Amino acid sequence: MESGMISVDKWSYGSQAYFLTHLHADHTAGLSSTWNRGPLFCSRLTAKLFPCKFPSFNLFLLRVLDIGSWFSLSFTSPSSGSPTTIYVKAIDAQHCPGSVMYLFRGDFGCMLFTGDFRWEVTGSGVENRRAMLLDALKNETLDTLHLDNTYCNPKYSFPSREVAAREVVDIISSHPKHDVVIAIDSLGKEDLLLHISRELDIKIWVWPERLQIMHLLGFHEHFTTQTSLTRVRAVPRYSFSIETLEALNTIRPTIGIMPSGLPWATEQNGNPFSSSEYIFVVPYSDHSCFSEIQEFIELLRPIKIKGIVSSSSCCIDPCYYFDHLCGTQQAIWRIQAKIENDEGVDTSVEAAEIKSSAAKETKEEEESSTVVGRKRRRILDQVDFFGIRVSRVSLLRRLCRGGVRLADTE
Ligand SMILES: [Zn+2]
């Protein structure tokens, strides 16, 4: 895509449209109440929460993209001055309230920006999420995947949030006489707090600004700002420390719970809370762990991957681990998936055929096959690719030779 068209979570470039994945501070750096560079696209929930973070922002700049629907946006090519259209779909990123991924399609091909995301592979809704993502891609090649690589390292392995939430409840239940403080950010971990509230039939204290967000999210009956009503308090992460817990324990017995992927994963070499008898680190993460990232990439098979995180000490360029899943391998995978779908389907009707230059090899292969094998191979040799019936061998050679990107279906 040409520069000067769109920016995702970047606010200082001169672009024609800006896209916000979610409201965490590391994705809004450069955005302010007075920012007015252009239209800002976000999810409906992010738009609702937006004034909490940027109180006097010009809300006429906000453009809501409902999750799961395609939108077409008109742009002007910065180089040629000619009009061009970009299609965009917002997909739930399962990271924090309002968070979305953006899938873009246009003359440039197909690009997916995950923003921060959690791609859980167990629990309810997994198959639906997979199906929605593949449906959004249809049979197109994903040219570039801009990936949340926060925990893109095999040493980061943690359970689903459902499992981790049960662990948190168990810890609280096993300390019935203790006060409890839980470290959270200004947005996120709501599902964890709701789970605790419902399981233990208890309200949770939050600070006033956080209560306002809970009101906007519709969760207000589970939260309070009155300390006398509960022994469980959700506190800002920056205020959570060994020193704070030790000070609290001079007043009342108190335990602290840090829900996070990072300290837990580095437990053996540098968990900052390992020396505290009061602090429990629970692997509740709103980012994908390594195996989930792998599953996500195997599902999409992009041509190219770019990590969106480069400053963290734990992240590694995703190409280091997943380069073998990229490039022309992607196209081969899609062809194979298509073949599996086509097995048993009558292939006698062909709209068009690109003659294979490798007909001889194909014939030799057929001759060495069994009758059943020949029947199967005839199916394999003809692939309905983007509506055109193409010789499989010829197509693979084309893809491998020049890295040609096939034309869009639309
Ligand atoms: Zn985030």
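A: K53 is partly exposed, because 19 other C-beta atoms lie within 10 Å. The cut-offs: buried means 20 or more other C-beta atoms within 10 Å of a residue's own, exposed means 12 or fewer, partly exposed is in between, and C-beta atoms are placed from the backbone. This is a predicted model, in which local features need pLDDT of at least 70 and side-chain atom pairs count only at pLDDT 80 or more, while totals for chains, interfaces and linings use all residues. Residues are numbered from 1 along each chain as its sequence is written.

K53 sits in helix α1. Helices (H or I, at least four residues) and strands (E, at least two) are DSSP runs, numbered from the N terminus.

Helix α1 covers residues 44–53 and lies across β3 and β4, running at about 150° to β4. Contact here means C-beta atoms, placed from the backbone, within 7 Å. Axes are lines fitted to C-alpha atoms, for helices over the stretch in contact, and angles run from 0 to 180 degrees between N-to-C directions.

Next, the sheet under the helix. β3 and β4 belong to an open sheet of 4 strands, ordered β1-β2-β3-β4, with parallel pairing. Two strands pair if DSSP finds at least two bridges between them. β1 and β4 (62–64) are the edge strands, each pairing on one side only. The twist averages 25° from one strand to the next. β2 and β3 run parallel, joined by 2 bridges. F19 has F41 in β3 as its bridge partner.

In the largest nonpolar core, of 43 residues, F19, M101, Y102, L103 and L112 touch the most other members. Such a core is a set of buried Ala, Val, Leu, Ile, Met, Phe, Trp, Tyr and Cys residues joined through C-beta atoms within 7 Å. Among the elements that each supply at least two residues of this core are β1 (6–8), β2 (17–19), β3 (40–42) and α8 (290–300). A second, separate core holds 34 residues, including A164, I182, V232 and F280.

A further open sheet has 6 strands in the order β5-β6-β7-β8-β9-β16, with mixed pairing. Its edges are β5 (70–76) and β16 (304–307), each pairing on one side only. β8 and β9 run parallel, joined by 3 bridges. F113 has H146 in β9 as its bridge partner.

The buried residues of α3 are R161, A164, A165, V168 and I172. They cover an arc of only 105° around the axis, so they lie on the same side of α3. The arc is that of the directions from the helix axis to the C-beta atoms. Among the elements they pack against are β10 (179–184), β14 (254–259) and β15 (279–282). β14 and β15 pair in the parallel sense over 4 bridges. In β15, I279 and V281 point one way and F280 and V282 the other, and all are buried.

How values were computed. Contact = placed C-beta atoms within 7 Å.
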